[in-house]
Amino acid sequence: MRTAQQILADSAVIAVVGASRDPFKAAHSVPLQMQRHGWRIIPVNPTVDELFGERAYKTLADIPHPVDLVNVFRPAADAVQVVRDAATIGAPAVWLQLGIISAEARRIAEEAGMDYVEDRCLAVERAVHALTRLS
C-alpha cells in the first residue's frame with residue numbers, strides 16, 4: 001500500500017465526492033487549493049452542474065474518464081457506499097477527509113486492492129510534503 005504522500009504524488013485527477021459550492025466549507029476550500037497546486041479536480045455532487053470551473057457529476061459512475069484518487073467529503077456512514085463505487089470504477093485509491101473513519105470502508109478498499117487513507121486532509125498532506133503538480 002502506498003503512503004499518503006505517494007498517493008498524492010502519483011495522482012493527477014482527483015474526484016471529490018461531496019464537493020461543496022459553499023466557500024466556507026472545507027469541501028470547497030480543500031479541493032480548490034489542490035486545484036491551484038495543479039491537480040485536476042472533478043466534483044461529484046448531485047445538486048450542482050459545475051464547480052471549480054469543472055463539470056460536476058452526480059455520481060462517480062457518471063465520470064467518463066479514469067480518476068487517480070477518490071476524495072470523500074461525506075459522513076462515515078456514506079463512505080462505505082462511496083468506496084464501493086470507487087472500486088466499481090476502478091479507482092486505485094480512496095482518501096477519507098479529516099474526521100471521517102470507517103472500518104467497513106477500509107475493509108472494502110483493501111479487498112478491492114485499493115490504497116486507502118482516512119482521517120487526513122489532502123491539503124495538509126500536500127502542504128506538509130510541499131507537493132505540487134505545477135511545473
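In the predicted model, Gln97 touches Val30, Asn71, Val72, Phe73, Asp119, Arg120, Cys121 and Leu122, with residues up to four places away in sequence not counted. Gln97 is placed in the loop between strand 6 (93–96) and helix 4 (103–111). Because its relative accessibility is 4%, and residues under 20% are classed as buried, Gln97 counts as buried.

One of the residues touched by Gln97, Phe73, also belongs to the lining of the largest pocket. This pocket has a volume of about 240 Å³. Besides Phe73, the lining comprises Val17, Gly18, Ser20, Lys25, Ala27, Val44, Asn45, Pro46, Lys58 and Arg74. When the lining residues are grouped by class, five are nonpolar, three are polar and three are charged.

The arrangement of strand 1 and strand 2 was also examined. Strand 1 (residues 13–17) pairs with strand 2 in the parallel sense, and five bridges join the two strands. Within this pairing, Ile14 stands opposite Ile41 of strand 2. Strand 2 (residues 40–44) is mostly covered, as four of its five residues are buried. Val17, a residue of strand 1 (residues 13–17), and Val44, a residue of strand 2 (residues 40–44), are both among the residues that line the largest pocket.

Technical notes. Residues numbered from 1 in each chain as written. Predicted model: local features only at pLDDT ≥ 70, side-chain atom pairs only at ≥ 80, totals over all residues. Heavy atoms only, no water. 1 Å grid on protein atoms, 1.4 Å probe; cavity = no way out; pocket = protein on both sides within 12 Å on 5 of 7 lines; lining within 4 Å. Points joined across faces, edges and corners; volume = space filled by probe spheres on them. Nonpolar A, V, L, I, M, F, W, Y, C, P; charged D, E, K, R; others polar. Buried < 20%, exposed > 50% of the residue type's maximum accessible area, 1.4 Å probe, protein only. Contact = heavy atoms within 4.5 Å. Pairing = 2+ DSSP bridges.
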